[in-house]
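Dear colleague,

Please find below the structure that I am handing over to you.

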Amino acid sequence: MRAIDDGSAKYAAVCRTLLAWKQLPESDLARMLRRYFLVTDDFREMEDQGYLTMTFVGDEYLISITTLGRLWLEQYDAKEQNHAS
């Protein structure tokens, strides 16, 4: 049996932070969410899912949330709220 890592809480934290800040350099975002130990591959995975965009500016990525990322976060929060009720 294979364990499956559910990154939903991590994704939600990233999306919430990007909603508040609009866009952030990768290093700032990783530092703000230190408890998740985020690395570039985590952000690339989210980009592959369509939740954020990564644009290389200067010497690092500038990360922004997409419309799909906003919609995913709304659904995730609604689902979490239903489980808490």
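A residue is called buried under 20% relative accessible area, exposed over 50% and partly exposed in between, with a 1.4 Å probe and protein chains only. Because its relative accessible area is 18%, Ser8 is buried. The model is predicted, so local features need pLDDT of at least 70 and side-chain atom pairs count only at pLDDT 80 or more, while totals for chains, interfaces and linings use all residues. Residues are numbered from 1 along each chain as its sequence is written, and side-chain values use heavy atoms, with hydrogens and water left out.

Ser8 lies in helix 1 (residues 8–21); helices are DSSP runs of H or I with at least four residues, numbered from the N terminus. Not counting residues up to four places away in sequence, Ser8 touches Trp72 and Tyr76, where contact means heavy atoms within 4.5 Å.

The axes of helix 1 and helix 4 (residues 67–84) come within 10 Å and cross at roughly 125°. Axes are lines fitted to C-alpha atoms, for helices over the stretch in contact, and angles run from 0 to 180 degrees between N-to-C directions. Helix 1 is therefore oblique to helix 4; angles under 35 degrees count as roughly parallel, over 145 as roughly antiparallel, 65 to 115 as roughly perpendicular and the rest as oblique. On the helix 1 side, the contact is made by Ser8, Ala9, Tyr11, Ala12, Cys15, Arg16 and Leu19, and on the helix 4 side by Gly69, Arg70, Trp72, Leu73, Tyr76 and Asp77.

Helix 1 also packs with helix 3, at an angle of about 85° and with the axes 11 Å apart. These two helices, helix 1 and helix 3, are therefore roughly perpendicular to each other. Lys10, Tyr11, Val14 and Cys15 of helix 1 make this contact with Asp42, Phe43, Glu45, Met46 and Gln49 of helix 3.

Helix 3 (residues 40–49) also holds Glu47, which counts as partly exposed at 31% relative accessibility. Leaving aside neighbours within four places in sequence, Glu47 is in contact with Leu52, Thr53 and Met54. The Glu47 side chain reaches the backbone nitrogen of Met54 at 3.1 Å. Glu47 and Ile65, 18 residues apart in sequence, are 9.1 Å apart in space, C-alpha to C-alpha.

Yours sincerely

Key. Polar contact = N/O pair within 3.5 Å; in protein donor to acceptor, adjacent residues only side chain to side chain.
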